[in-house]
Amino acid sequence: MTHFFADLRYAARQLMRQPGFTLVALLTLALGIGANTAMFSVVNGTMLAPLPYPDAGRLVRVWETTPEGHRFSVSEPNFLDFHDRSEQFESLAAMKDVSLTFVDGGQAARIPGLAVSREFFSVLGHSPIAGREFTSEEDQPGSAADVVVLGHDLWQRRFGGDRDLVGRTIRVEGRARTVVGVMGPDFGLLDSEYWVPLAADPASDRGDHWLAMIGRLRPRATLQQAEAELQRIAEGIGLQHPTLAGWGVEMMPFSRWLVRDSFRTTAVLLLGAVAFVLLMACVNLANLVFARASRRQGELGLRLALGAGRGRLVRQLLVEAVLLCGLGLGLGIALAYWGVLALQAFGSGFIPRLESVRIDGTVMAFAVGIGLVTVVLFGLLPALRISGLDLNATLRQGGRTGERGDQRRVRDALVVVQIAMAMLLLVGAGLLLRSFWQLQSTDPGFDAGNVVYAEIQLGDDYAEPWQKVVFFRELIADLSSRPGIASAGATVITPFSGSNLMNDVTPVDRAESIGAQGFMQAAWRTATPDAFETLGLPLIEGRLYDYTDRWDGPRVAVITRTMAERMWPDRPAVGQEFYWGSNTGEPLRVIGVVDDLRDVEMSSDVQPVMFLPYHHMPWPKMTLLVRGSGQVDSIARLVQSRVRALDESLPVPAVASLQDQVASVAAGPRFRTFLMASFACLALLLAAVGIYGVMAYNVSQRTREVGLRMALGAAPASISGMLLRRGAVLTILGTLIGLLGAWAITRLIQGVLFATEPLDPAATATAAFVLALTALTACWLPARRAARIHPTEALRHE
Amino acid sequence: MNDTQRPLIQLSEVTKVFLTDEVETHALGGVHLEVGEGEYVSISGPSGCGKSTLLSILGLLDTPTGGRYELNGTPVESLSAADRAHVRNREIGFIFQAFNLIGDLSVFENVELPLTYRDGIGKAERKQRVVEALERVGMAHRLRHYPAQLSGGQQQRVAVARALVGKPSILLADEPTGNLDSRNGEAVMALLDELHRGGATICMVTHDPRYAEFAERKIHLFDGRVVDEETLNRLRAEEEQRIEEQIASRKPAAADSAP
């Protein structure tokens with residue numbers, strides 16, 4: 001132990017004597033360990049940490065699938081069939097988003113919740129901490145039971161955690177609902193803050209796919225068995241109901257549903273990137289330690305001559321590495337802590353389960369683990385090599401030793417590996433940057449500039465369709481007449497909110513030949529006539545609908561260019577008729593074609609969309625769109641005051657800029673690109689430091705040779721050229737290997753790229769150019785220094 | 001140098017001052033020296049007298065602080081680094097005490113090195129000249145070997161071949177036998193003698209009087225100045241006298257302090 005402390009003191013002295021080396025080594029280690037620890041905390045929190053549900057491995061998410069394999073939500077009758085006929089599940093539940101206005105316990109506010117079937121809580125393995133779950137009677141269609149189970153946060157926030165609330169009624173959406181239970185603080189799913197009975201109706205339309213279905217498998221049931229069982233049930237439903245012939249089911253573990261595959265790809269990609277960064281840091285440090293230890297061979301030889309065993313020598317060198325690594329680990333964990341804070345601040349919205357992302361015991365253990373790996377990579381291996389030095393030769397030369405060919409080759413190989421890894425990261429960052437650029441320059445097809453939006457949900461006071469129509473028509477007319485307002489309209493979904501409404505569409509003249517399955521899927525939007533002008537959607541053909549298209553007149557629709565081209569590729573769409581949903585009943589007549597728009601995902605292909613007059617199909621929840629010339633705040637105040645003027649019982653709607661909403665689509669890719677570009681820059685810096693270190697060491701080893709060559713007539717330019725050539729060879733080799741690696745690996749990130757090929761020539765060429773320029777600059781500096789060495793000094797160099 | 005010999009090297013009032021931490025060290029103090037074509041000159045003197053500095057200036061590895069230096073009739077004391085490299089390559093052949101062969105290069109490649117810094121010499125001619133140079137030193141049979149596979153004497157012969165291959169005007173040898181045993185040392189001296197008899201101009205720094213005898217003219221350096229043999233002996237005697245007096249003056253004090 002005495003020896004250990006002596007070694008530790010000596011190591012500390014050594015590090016303090018070389019502050020430059022110590023600083024570079026510490027920063028390199030801290031950045032490598034910090035970045036890895038921060039990224040691992042994300043992976044651990046989102047993908048490895050257990051879900052907050054007991055025995056979560058048995059939880060699954062279920063979708064229905066179309067004959068073409070597209071995922072769909074589940075219809076109410078189908079859910080009930082799956083629920084009643086399946087045996088592989090301990091419990092099955094369905095749910096759908098609701099957004100209700102809470103009046104009691106503060107200002108009226110619209111709060112997100114879920115309408116859930118009775119077994120919802122047992123599927124998730126939680127019970128209320130006060131009160132009870134829903135009864136079967138409360139979950140029956142037509143049940144008059146107005147009940148609600150509150151989430152812990154909502155209970156605390158609006159009702160001060162009142163324990164006597166259970167059994168009492170509160171006003172929700174203008175109706176009195178009895179609070180039957182309160183859930184615990186650790187329970188939640190998605191953003192829901194309360195739960196009301198779903199009361200799925202077996203008599204409702206099987207084509208209305210609204211519900212998200214979740215289930216808990218029986219203890220010994222497998223996912224495959226359960227999926228096969230539901231598949232058989234789906235086939236049975238298809239036999240009974242021809243419109244659902246060919247439909248099936250798809251199932252995935254809950255954890256995979258909550259943390260999407262695209263996020264997993266991104267997380268693994270970024271974790272791989274930081275692992276590369278750490279590996280590069282280790283390579284740099286190993287090179288630094290090798291170079292430093294080579295210079296200390298005289299000292300080490302003397303220690304051996306004085307009787308130190310080789311083990312003792314290894315320990316001494318290792319203690320230095322451990323000390324350095326310990327300091328780097330401390331700094332790295334501090335950096336990781338700040339990194340996690342930054343991720344929590346900027347990552348909300350695209351990092352799922354963000355609340356689980358933190359530096360906990362597992363993350364600390366990981367950090368210590370990579371610290372140990374780092375010690376082995378940059379400390380132990382050089383220590384073992386140095387301890388094996390030839391004592392006689394070392395002492396004879398007074399510690400002056402040259403670099404053997406095999407040593408040089410190892411160092412060269414390390415630099416090549418570093419450059420290749422930097423190339424991989426640069427190509428990855430370049431691709432993400434290119435993809436982000438493509439995303440930014442993609443036109444959504446509508447003009448979001450100077451438009452604000454507000455989601456307005458009409459309650460039970462607007463039960464009749466005409467009441468909804470009148471409310472929005474009056475509100476829009478009122479707003480449109482105000483100074484500074486160019487136009488106003490309403491549509492059923494907020495662009496890029498994640499919502500989408502799809503249904504089958506079939507041209508009437510092909511209905512017979514196609515059968516019950518439908519020709520294709522199209523998105524549908526019920527929208528007021530003014531919505532087209534407010535969104536700036538250009539009319540291409542025909543006309544737009546207006547209020548002269550009476551609700552009791554012919555059913556009409558305006559469709560997008562893509563829908564027109566797919567439905568009737570060989571003739572004009574205007575005047576054509578098509579079925580919407582099942583191929584029966586009154587068809588819709590196309591009266592106009594507008595240009596395409598993207599309002600769900602910017603990164604996916606343009607989808608076919610149809611617009612239906614709001615006065616033909618009134619909807620309780622609509623998104624009001626207002627185009628004005630003033631500031632968002634002033635338009636927001638106007639909208640809020642006019643809504644309250646029309647109906648003061650409605651909650652004050654939140655108003656936001658549509659342009660900001662469109663920009664938010666790029667937030668996730670921007671964050672991902674920023675992280676990857678940061679890691680790539682770090683890798684570039686490490687590669688530059690690495691090649692500089694190797695070249696500088698090489699020059700110091702070859703100083704005498706440089707002097708000799710100068711004595712023999714080599715001009716300074718010839719000397720720097722000779723040294724630069726070696727660096728250039730390493731750079732070219734590393735870049736080529738990196739390119740090969742990129743060719744193999746970038747395919748894996750294809751899923752997160754938008755309109756960008758895995759080996760996009762511009763991104764790849766730019767990455768290669770930046771890397772080559774940086775590496776050659778790093779080579780040029782020592783080469784230039786070598787060319788300026790005085791030949792007499794060089795010849796005396798030892 | 002006799003009157004018939006064309007002067008190859010002409011130094012007049014050459015000085016060299018090194019500045020280290022504000023301390024001036026006068027390595028050479030006004031050296032006059034002429035070396036004629038075909039002459040064999042040895043430069044000797046005690047350690048620190050400026051032999052190596054003088055050789056560095058003669059070989060254009062260093063520039064004088066003052067004075068003039070003409071090589072082959074051309075002033076060279078204020079050439080640029082690139083021009084000095086050019087002149088070194090064509091006019092001067094170096095033989096070092098430590099051989100200075102590059103370990104990664106074969107014997108052939110080591111000898112070829114000066115020619116690679118010269119434009120206009122094709123591969124075939126380079127090969128021919130390398131082989132010729134190696135034949136002159138008796139090492140043509142080892143051209144594929146590496147320095148580590150040769151004895152010290154053989155390495156120095158290869159170094160001599162490298163100095164010869166560019167057909168320089170003058171060979172500068174810095175303690176060429178310093179790293180060799182007496183047998184190999186004598187062999188190298190015999191080789192230089194043979195080259196001299198073949199017409200080569202040689203300027204050799206040595207501290208060994210036996211090897212200095214091989215030269216036809218001996219130059220002595222003392223405290224950075226060229227002195228004749230008589231002056232050298234006088235200066236040496238004065239130096240020895242001074243040292244003895246210093247030792248004698250310290251003896252009583254040493255005796256007093258003895259236990």
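1. Let's start with a strand pair: in chain B, strand E3 (residues 40-44) runs parallel to strand E8 (residues 201-205), and 4 bridges join them. Ser42(B) has Met204(B) as its bridge partner in E8(B). Strands here are DSSP runs (E, at least two residues), helices are runs of H or I with at least four, and both are numbered from the N terminus; two strands pair if DSSP finds at least two bridges between them.

2. A word on the model: it is predicted, so local features need pLDDT of at least 70 and side-chain atom pairs pLDDT 80 or more, while totals for chains, interfaces and linings use all residues. Residues are numbered from 1 along each chain, chains are lettered from A and ligands numbered from 1 in written order, and side-chain values use heavy atoms, without hydrogens and water.

3. Now the whole sheet: it is open and mixed, with 6 strands of chain B in the order E6-E7-E8-E3-E9-E10. Because E6 and E10 (225-227) stand at the edges with a single partner strand each, one side of each has no neighbour in the sheet.

4. Look next at helix H2 (residues 81-91) of chain B, which lies across E6 and E7 (170-174). Contact means heavy atoms within 4.5 Å.

Terms used. Axes are lines fitted to C-alpha atoms, for helices over the stretch in contact, and angles run from 0 to 180 degrees between N-to-C directions.
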